Amino acid sequence: MIIPIKTQNGLYNIYLERGALKKAGEYFDLDRKVMIITDTGVPEEYSKTVASCCKSAVITTIEMGEKSKNIDTFKYLLERLVENDFTRTDCVVAVGGGVVGDLSGFVASCYMRGIDFYNVPTTVLSQVDSSIGGKTAIDFMGLKNIVGAFYPPKGVIIDSDTLNTLPDRQLSNGLAESLKMSMTSDPVLFDIFEKNDIAENIDTIIERSLNIKKYVVEQDEKESGLRKILNFGHTLAHAIETNESLEKYYHGECVAIGMVPMCSLSVRKRLIPILKKLNLPTEMDYSVDSLLDACRHDKKMSGDNITVVYVDKIGEFELIKMPFSEYGEMVKRGLSI
């Protein structure tokens, strides 16, 4: 299946197909020098399969995890491009999860003022979320994604066979983002989570999630309006992620917690059983006040106000601008139930 994505500068395709990894040479322009960026958590066979499709490939492996998404790794990757004599006609291919994709895209956007970038996401989280939209970034001074650029890829391959090597916790981590999108935009997808076997419906879940994000991003590429709905649950989630005392939580687990207070009581009563079904957390043993301090650095802050995404009914959403103090009280009430 081909899902075309329109951007302000053109169009790129997402190739959604089991076994597509072996067809990278058909779907991407790899008849040139290619820097393949991956991490230590990704099976080597994935990057080697892509390398076999390239005219000339340099595989660079970074340490897995959010801690690698920093300016030192960014500098290291640029050094690798220079050391291997990459030119403006060469390209970067990311093979891995969201950290690899974010770093690779940002490096490609900056090297020689921009070289081609392709993405091969190998986790549920990166397949349903960061594979669309062109957001690239690194963390800086303890703040998540604070330095980056909008830089869409030239193409994306989503091969759900790569999910076979993922631990169950990582699968759930990614499914939290799909669940998030179902809550704001797709009651049918929400019903799949609520009533059906997840593993048996994984391809449908990925496809429906991609189509939601495709619609949103095509309407609002630079996050000036509608795209803000993709931040549902993320204000609190990012605060949890950047707290060193809470490093045990993955991104999707943070989003799961962040969604709980941002919906009506009737929605919450349906949401929490699904989170438990996916083995995702619904609460945490930590001071909410401490996290709220970090929330003040959120990009959705405007003066003393913050814009939040609120779900009153499955498949519908509201963008509400409120005083930050009111947001804090909403979070405390929601997490106390």
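Me: What should helix 4 span at 1.5 Å a residue, and how far apart are its end C-alpha atoms?
Reply: Helix 4 covers residues 98-110. Helices are DSSP runs of H or I, at least four residues, numbered from the N terminus.

Me: What model is this, and how is it handled?
Reply: The model is predicted: local features need pLDDT of at least 70, side-chain atom pairs count only at pLDDT 80 or more, and totals for chains, interfaces and linings use all residues. Residues are numbered from 1 along each chain as its sequence is written, and side-chain values use heavy atoms, leaving out hydrogens and water.

Me: Back to helix 4. How many of its residues are buried?
Reply: 11 of the 13, so helix 4 is largely enclosed by the rest of the structure. Buried means under 20% relative accessible area, with a 1.4 Å probe and protein chains only. Among them are D102, F106 and V107.

Me: What follows helix 4?
Reply: M112, with a positive phi near 50°.

Me: New topic. Which residues does L179 contact, beyond four places in sequence?
Reply: F190, F193, M259, L271, I274, L275 and L278. Contact means heavy atoms within 4.5 Å.

Me: Which class counts does the lining of the second largest pocket have?
Reply: Seven nonpolar, four polar and four charged residues. Here Ala, Val, Leu, Ile, Met, Phe, Trp, Tyr, Cys and Pro count as nonpolar, Asp, Glu, Lys and Arg as charged, and the others as polar.

Notes:
Helices (H or I, at least four residues) and strands (E, at least two) are DSSP runs, numbered from the N terminus. The expected span of a helix is 1.5 Å times one less than its number of residues. Buried means under 20% relative accessible area, exposed over 50%, partly exposed in between (1.4 Å probe, protein chains only).
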